[in-house]
Amino acid sequence: MVNVLGPRDEFLRIMERELAADIHVRGNEFTLTGTTSDIAAATEALTEVITILRTGQGLSTETVERVIAMGADGVRPAEILTQDILSSRGRTIRPKTLNQKRYVDAIDKHTITFGIGPAGTGKTYLAMAKAVQALQSKQVTRIILTRPAIEAGERLGFLPGTLNDKIDPYLRPLYDALHDMLDPESLPKLLTGGVIEVAPLAYMRGRTLNDAFIVLDEAQNTSMEQMKMFLTRLGFGSKIVVTGDTTQVDLPGGVRSGLRAVQGILDGVRDIAFCQLTKRDVVRHKLVGDIVAAYDRYDSTLAEAFTSRGQRGTR
């Protein structure tokens with residue numbers, strides 16, 4: 001019972017705040033009061049929380065909040081929050097939202113999967129976890145992680161050092177994720193031996209990538225030509241995941257984003273999946289989700305104002 005209620009009844013307070021039913025606890029019994037629908041929602045939330053605990057997974061305030069939110073959408077949270085992808089260094093990586101589960105399932109079922117959404121939705125992290133899982137289960141013999149060398153507001157030419165020195169900081173987020181997922185002693189060996197390769201997108205040209213799990217990150221910063229070049233590197237026994245945020249394009253003016261164009265080009269092609277993640281799938285600090293939502297509102301306001309000015313100008 002203590003595990004369900006949380007330390008100092010923290011989980012109980014969340015449920016009381018987020019659910020319309022009144023929850024009373026006496027000993028090992030819950031008593032719920034409210035409308036029929038409110039009681040049903042509270043019962044479902046409590047059942048899901050208990051189911052998650054029975055799997056041996058610990059609860060957190062974030063987990064309880066997600067259980068309630070997903071229950072409101074008619075989803076069985078326990079089926080999502082207990083789907084393990086990878087366990088490493090005492091922590092388990094798993095999807096935390098319905099769209100994340102759909103994304104992970106799409107990666108399993110398709111040769112090429114696109115994960116498109118704002119920052120913090122786990123699109124790259126989950127793709128890399130699936131890559132490590134595939135390597136460890138011997139589904140592939142190597143992992144290739146790549147990004148286009150376009151920087152937000154910077155120019156590589158002005159940075160000091162060799163080309164590798166300049167590129168390495170830009171690829172650092174991919175290395176950071178690998179450090180989360182792999183033993184720190186084995187990672188250098190895997191990198192040195194070429195089992196895991198982290199490289200700029202330009203290094204993919206002219207290659208055919210067989211028996212590999214390939215992740216293209218920050219794909220919104222590919223041109224249409226680069227996107228075509230990358231996708232056609234696919235070899236036998238390989239899988240590709242492409243991730244990006246179409247609202248964060250850093251390409252020069254006049255260059256069309258390959259990620260923005262690709263769905264219209266490849267929509268309907270078999271064995272390719274497009275997964276959309278939204279601000280509701282942000283799994284970083286809650287404030288990140290609020291920031292994404294605020295910028296979405298700001299962009300919508302600007303678009304409406306621009307449209308309004310255009311209409312006045314044509315009168």
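How many residues does helix 3 have, and how far does helix 3 reach from its first C-alpha to its last? In this predicted model, helix 3 covers residues 36-54, a run of 19 residues. Its reach is 27 Å, close to the 27 Å expected at 1.5 Å a residue. Ala 42, Ala 45, Leu 46, Glu 48, Val 49 and Ile 52 are the buried residues of this helix. Viewed down the helix axis, these buried residues fall within an arc of 160°, so they line one face of helix 3. The face turned away from that buried side carries Thr 36, Ser 37 and Arg 54, which are exposed. After helix 3 comes Gly 56, with a positive phi near 95°.

Attention now turns to strand 7. Four of the five residues in this strand (residues 196-200) are buried, so strand 7 is largely enclosed by the rest of the structure. Strand 7 runs parallel to strand 6 (residues 142-147), and five bridges join the two. Here, Pro 200 of strand 7 has Arg 147 standing opposite.

The largest nonpolar core has 33 residues, of which Leu 145, Leu 178, Met 181, Ile 196, Val 198 and Phe 213 touch the most other members. Among the elements giving two or more residues to this core are strand 6, helix 8 (163-181) and strand 7, while helix 7 supplies the largest share, eight residues. Beyond its neighbours within four places in sequence, Ile 196 is in contact with several leucines, including Leu 135, Leu 178 and Leu 191, and with Ile 143. Another core, of 24 residues, lies apart from the largest one and includes Val 4, Phe 11, Ile 14 and Ala 42.

Note on methods:
Residues numbered from 1 in each chain as written. Predicted model: local features only at pLDDT ≥ 70, side-chain atom pairs only at ≥ 80, totals over all residues. Heavy atoms only, no water. Expected span 1.5 Å × (residues − 1). Buried < 20%, exposed > 50% of the residue type's maximum accessible area, 1.4 Å probe, protein only. Arc of directions from axis to C-beta. Pairing = 2+ DSSP bridges. Core = buried A, V, L, I, M, F, W, Y, C linked by side-chain atoms within 4.5 Å. Contact = heavy atoms within 4.5 Å.
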